[in-house]
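Subject: Structure handover

Hi,

Here is the structure I promised to pass on to you. Please open it alongside this note, and then read on for what was found.

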Amino acid sequence: MTFSIADHEYMSRAIQLAYRGLYTTDPNPRVGCVLVKNGEVIGEGWHERAGEAHAEINALLQAGEYAQGATAYVTLEPCCHQGKTPPCSDALIAAQLERVVIAMQDPNPKVAGNGIQQLREAGMQVEAGLLEAQARALNPGFIQRMQTRRPYVRNKLAMSLDGRTAMADGESKWITSEAAREDVQRWRARSSAIVTGVGTILADDPAMTVRLPGTERQPLRVIIDTNLSTPPAAKILKQPGRTLIMTSSDDDAALAQLQEAGAEVVQLPQHGERIDLSALLEELADMEINEILLETGATLSGAMLEAGLIDELIIYMAPLLMGDAARPLFKLPHLATMQDRIDLELCEVRSVGKDLRVIATPIYK
């Protein structure tokens, strides 16, 4: 299918609009829409918050009666089912559009091509696949959750140039610069949940919150705590929003103390010495968690990587050396030969303050 230069420009604009909802649409996908008639933009919209109007509706409201005969550029197939808001496909049909250009089909089984079919049956010209890769990059977690019942997991790590994350006694503040730590806040803000292990809670007592000006939403905080060792006075339990503790313990006294301190506790099956990590991700997917930021130590990060459950690594590399006695980036005891190694595909390397930020995806055999 051939798209014009103008088609590319208008869809690029729709993708830009969708990014305005980067921090606010969760658990819904980020979507943008542009309405064009006679070579002029007559309406623009994006999905701003879950439960509010979708991108197409906002664009149609801006265009008003001029929408008749127009072309819509939408980053995701219009929904055709009743959710918290009415179907967007019905609104596009009622507006009597002439053409709809869609970047990608909706992976939600409730839609999955049905919206496109409904528009075509109404007599509209519908074309799909324009800038699909860019549209998919908007919603990796939503897409993965719909297709595999698993959130998209990013593992954030900070290390020295020689690959160390803390001194032998656990001291780690601060390896990276203030600019890198501020950058982490943006990754937190776009995430549905921040996941850590109880070891990090015991060692650092972090708050695990988003501390950006104008923050509207705090991600769910999740502690993986097999034996319910989280102190009821932990700082993470005193923050706004929800904190969830995932455990396999049946210690009723500890559970009651943590619930009284404000935690929600979910019991999961145990696999080996810790809770079943695959079951953990399935549980979070059922809670409509799209994107996870994993912020934890070498043991849990290594276990998640060995299990093939990390989709993306975000590694901040500071220009300093910490020595071979310091703690490593991952604990991977089962990698004994070069054949066992985990290869990475580099996606991006850039400077953040005085540090380097490396984004890579594991290549699982």
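Let's start with a question: what covers the buried residues of α6? The cover includes α5 (132-138), β6 (152-160), α7 (178-190), α10 (277-286) and β14.

Before going further, a word on the model. It is a predicted one, where local features need pLDDT of at least 70 and side-chain atom pairs count only at pLDDT 80 or more, while totals for chains, interfaces and linings use all residues. Residues are numbered from 1 along each chain as its sequence is written, and side-chain values use heavy atoms, with hydrogens and water left out.

**The chain as a whole**

The protein chain has eleven helices and 18 strands; these are DSSP runs numbered from the N terminus, with helices being H or I of at least four residues and strands E of at least two. Its radius of gyration is 23 Å, close to the 21 Å from the globule rule for 365 residues, so the chain is as compact as a globular protein of that length. (The radius is taken over C-alpha atoms, and the rule is 2.2 Å times the number of residues to the power 0.38.) Along the principal axes, the C-alpha atoms fill a box of roughly 70 × 45 × 40 Å.

Of the 365 residues, 52% are buried. Here buried means under 20% relative accessible area, exposed means over 50%, and partly exposed is in between (1.4 Å probe, protein chains only). Taking contacts (heavy atoms within 4.5 Å) between residues at least 6 apart in sequence, 69% join residues at least 24 apart. As for charge, there are 35 positive and 48 negative side chains, with the centres of the two sets 4 Å apart. Lys and Arg count as positive and Asp and Glu as negative, leaving out His and the chain ends; each charge is placed at NZ of Lys, CZ of Arg, CG of Asp or CD of Glu.

Helix α6 spans residues 140-148, and its buried residues are Pro140, Gly141, Phe142, Ile143, Gln144 and Arg145. Arginine 149 follows α6 and has a positive phi, near 55°.

Glutamate 291 sits in strand β14 (residues 291-294) and is buried, at 2% relative accessibility. Its side chain makes polar contacts with the side chains of arginine 154 (2.6 Å) and arginine 190 (2.9 Å). A polar contact is a pair of N or O atoms within 3.5 Å; within protein, one must be able to donate a hydrogen and the other to accept it, and residues adjacent in sequence count only if both atoms are side-chain atoms. Beyond its neighbours within four places in sequence, glutamate 291 also touches residues including Pro140 and Gly141, which are among the buried residues of α6.

**Around β10**

Threonine 230 is in the loop between β9 (220-224) and β10. At 3% relative accessibility, threonine 230 is buried, and its side chain has a polar contact of 2.7 Å with that of aspartate 225.

Aspartate 250, in the loop between β10 (243-247) and α9 (252-260), is exposed, with a relative accessible area of 65%.

**Helix α11**

Seven of the nine residues of α11 (residues 298-306) are buried, so this helix is largely enclosed by the rest of the structure. Just after α11, glycine 308 has a positive phi of about 75°.

Happy browsing!
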